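Please keep the sequence and the 3D view open while reading.

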Amino acid sequence: MSVITPDNIGSKLVIALDVPDRAAALEAVDDLSGLAGMFKIGSQLFAAEGPGLVREIVARGERVFLDLKFHDIPNTVAAAAQSASRLGVSIFNVHAAGGAEMMKAAVDAVSRQDSERRPLILGVTVLTSMNSSSLAEIGISDDAASQVVRLAALARASGLDGVVASPLEIELVRKRVAAEKFVILTPGVRPAWSESGDQKRTATPAEAIRLGADLLVIGRPILGAPRRRDAAERILEEMESAGAKANV
Ligand code: C5P
């Protein structure tokens with residue numbers, strides 16, 4: 001498995017392993033091997049199974065995105081970044097709201113790793129569960145879009161490789177922050193044939209690619225499908241129809 005860079009992403013499909021335990025996670029990895037560019041491990045699975053499962057999935061030759069959204073003092077985030085790198089993950093993320101000093105500490109910690117293992121670091125801008133009134137509650141009077149642009153610009157200036165953004169913010173980040181060489185990973189992707197669930201600001205896989213996303217995170221439309229490989233293949237075809245590369 002070659003090291004991932006913004007120019008060498010390969011398959012843009014990231015499958016969210018939003019499952020409760022190791023057995024369910026490994027079953028999904030087996031079901032979907034060869035179709036996912038990467039598997040995402042978030043706080044639910046990590047809190048249940050810990051770093052051992054991350055190592056196990058990496059050892060199977062799969063790329064892993066560790067979605068733990070670090071947000072702490074710079075020294076602590078630097079140490080967490082180093083631990084994440086040592087697990088061999090391809091991507092991990094931090095909250096851009098932690099500030100420039102915190103983001104730079106994560107970048108410095110990772111750049112001390114050997115280049116074979118250097119993961120990409122993405123900044124979480126504004127959670128898609130927040131809107132202007134929940135931002136006002138925490139003292140941010142700007143609307144969500146302005147806050148996304150501000151945090152994405154800060155993430156870029158701090159040396160991060162990209163950001164997590166909803167489909168509705170991709171164009172804004174491309175226009176106002178970075179036209180290219182800045183990874184945009186987007187959740188909230190729903191094929192026209194699947195349920196939207198609790199995702200509100202959604203785009204289809206083809207739309208998200210056309211808007212300029214580099215990586216699409218998709219969970220339930222694949223994991224909840226009666227035939228997971230068929231669902232993933234259908235999504236990959238939709239992505240390719242919009243110009244995404246197919247190779248894993
Ligand atoms: O099942 P679904 O396709 O909605 O899964 C999307 C994944 O992306 C979930 O793991 C969810 O936690 C994550 N995510 C999100 N919205 C964000 C950040 C992460 O849906 N803003």
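## Terms and model

A residue is called buried when its relative accessible area is under 20%. The model is predicted.

## The barrel

8 strands close into a barrel. Their order is β1-β2-β3-β4-β5-β6-β7-β8, and the pairing is parallel. From one strand to the next, the twist averages 25°. Strands of a sheet pair through backbone hydrogen bonds, either parallel or antiparallel.

Some of the pairings can be followed residue by residue. Strand β3 (residues 64-70) runs parallel to β4, joined by 3 bridges. Phe70 has Val94 as its bridge partner in β4. Strand β5 (residues 120-124) pairs with β6 in the parallel sense, over 3 bridges. Here Val124 stands opposite Val164 in β6. β6 also pairs with β7, again parallel and over 3 bridges. Val164 stands opposite Leu185 in β7.

## Two buried strands

In a regular strand the side chains alternate between the two faces of the sheet. Strand β7 (residues 183-186) sends Val183 and Leu185 one way. Ile184 and Thr186 point the other way, and all of these residues are buried.

How many residues of strand β4 (residues 91-95) are buried? The count is 5 of the 5, so β4 is largely enclosed by the rest of the structure. Ile91, Asn93 and His95 lie on one side, with Phe92 and Val94 on the other. Both faces are covered.

## Nonpolar cores

In soluble globular proteins, nonpolar side chains tend to be buried together. The largest nonpolar core in this model has 69 residues. Leu13, Leu17, Phe92 and Val94 have the most contacts inside this core. Helix α4 (residues 100-111) gives the most to the core, with 7 residues.

What does Val94 touch, leaving aside its neighbours within four places in sequence? Its contacts include Lys69, Phe70 and Val77. Met102, Met103 and Ala106 are also among them.

## Helix α3 against helix α4

The axes of helix α3 (residues 74-86) and α4 come within 8 Å. They cross at roughly 35°. The crossing is right-handed.

From α3, the contact uses Pro74, Val77, Ala78, Ala81, Gln82 and Ser85. From α4, it uses Glu101, Met102, Ala105, Ala106, Ala109 and Val110. By class, the contact has 9 nonpolar, 2 polar and 1 charged residues.

## Two residues to look at

Glu169 sits in the loop between β6 (162-164) and α7 (170-176). Is Glu169 buried or exposed? Its relative accessible area is 4%, so Glu169 is buried. Setting aside neighbours within four places in sequence, Glu169 is in contact with Val148 and Arg201.

Leu26 belongs to helix α1 (residues 22-32). Leu26 counts as buried because its relative accessibility is 8%. Leaving aside neighbours within four places in sequence, Leu26 is in contact with Leu53, Glu56, Ile57 and Arg60. Leu26 and Leu53 are 27 residues apart in sequence. In space they are 8.9 Å apart, C-alpha to C-alpha.

Terms used
Residues are numbered from 1 along each chain as its sequence is written. This is a predicted model: local features need pLDDT of at least 70, side-chain atom pairs count only at pLDDT 80 or more; totals for chains, interfaces and linings use all residues. Side-chain values use heavy atoms; hydrogens and water are left out. A nonpolar core is a set of buried Ala, Val, Leu, Ile, Met, Phe, Trp, Tyr and Cys residues joined through side-chain atoms within 4.5 Å. Buried means under 20% relative accessible area, exposed over 50%, partly exposed in between (1.4 Å probe, protein chains only). Helices (H or I, at least four residues) and strands (E, at least two) are DSSP runs, numbered from the N terminus. Contact means heavy atoms within 4.5 Å. Axes are lines fitted to C-alpha atoms, for helices over the stretch in contact, and angles run from 0 to 180 degrees between N-to-C directions. A crossing is left-handed if the near helix is turned anticlockwise from the far one by less than a right angle, and right-handed if clockwise. Ala, Val, Leu, Ile, Met, Phe, Trp, Tyr, Cys and Pro count as nonpolar, Asp, Glu, Lys and Arg as charged, and the others, Gly among them, as polar. Two strands pair if DSSP finds at least two bridges between them.
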